[in-house]
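Please read the sequence and the model side by side. The text below leads through the chain from its overall layout to single residues.

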Amino acid sequence: VPWYRVGENDNLTKIAQAHLGRASRADQIFNLNRERLPNRNDLRPGQELRLPNDAIQVRIVEGEKSLH
């Protein structure tokens, strides 16, 4: 299972676009992480999220770097 560590200024839409190819797949990330995310807008830097198995170019963000 691919995992992703949230960085500063990340949101589910950015993560979905970068690793799943479509921003619209943010709902899939949210659904896979409901036990970690009571609210889809409540991401915290350092938090680890499961991604769908077809995620590409998965990388762990370290420190205060973000998706770019």
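What follows treats the fold, then the helix and core, then individual loop residues.

The structure is a predicted model. Its chain contains two helices and two strands, and these elements run β-α-α-β from the N terminus on. Of the 68 residues in the chain, 37% are buried. Among the contacts with a separation of 6 or more, 64% join residues 24 or more positions apart.

Helix H1 spans residues 12-20, and its buried residues are Leu 12, Ile 15, Ala 16, His 19 and Leu 20. Seen down the axis of H1, these buried residues fall within an arc of 100 degrees, so they line one face of the helix.

After H1 comes Gly 21, which has a positive phi, near 85 degrees.

The largest nonpolar core consists of 14 residues, and Leu 12, Ile 15, Ile 29, Leu 37, Leu 43, Leu 49 and Leu 51 are those with the most contacts inside it. At least two residues of this core come from each of H1 and H2. H1 gives the largest share, four residues.

Gln 47 belongs to the loop between H2 and S2. Its relative accessible area is 8%, so Gln 47 counts as buried. A polar atom of the Gln 47 side chain lies 3.2 Å from the backbone oxygen of Arg 36. Beyond four places in sequence, Gln 47 touches Tyr 4, Arg 5, Val 6, Arg 36, Leu 37 and Asp 42.

Arg 25 is the other case, placed in the loop between H1 and H2. Because its relative accessibility is 12%, below the 20% limit, Arg 25 is classed as buried. The side chains of Arg 25 and Asp 54 make a polar contact at 3.0 Å. With residues up to four places away in sequence left out, Arg 25 touches Ala 16, Leu 20, Pro 52 and Asp 54. The C-alpha atoms of Arg 25 and Leu 12 are 8.6 Å apart, although 13 residues separate them along the chain.

Asn 9 sits in the loop between S1 and H1. Is Asn 9 buried or exposed? With a relative accessible area of 58%, Asn 9 is exposed. Most residues other than glycine have a negative phi. The phi of Asn 9, however, is positive, near 65 degrees.

Definitions and conventions: Residues numbered from 1 in each chain as written. Predicted model: local features only at pLDDT ≥ 70, side-chain atom pairs only at ≥ 80, totals over all residues. Heavy atoms only, no water. Buried < 20%, exposed > 50% of the residue type's maximum accessible area, 1.4 Å probe, protein only. Arc of directions from axis to C-beta. Core = buried A, V, L, I, M, F, W, Y, C linked by side-chain atoms within 4.5 Å. Polar contact = N/O pair within 3.5 Å; in protein donor to acceptor, adjacent residues only side chain to side chain. Contact = heavy atoms within 4.5 Å.
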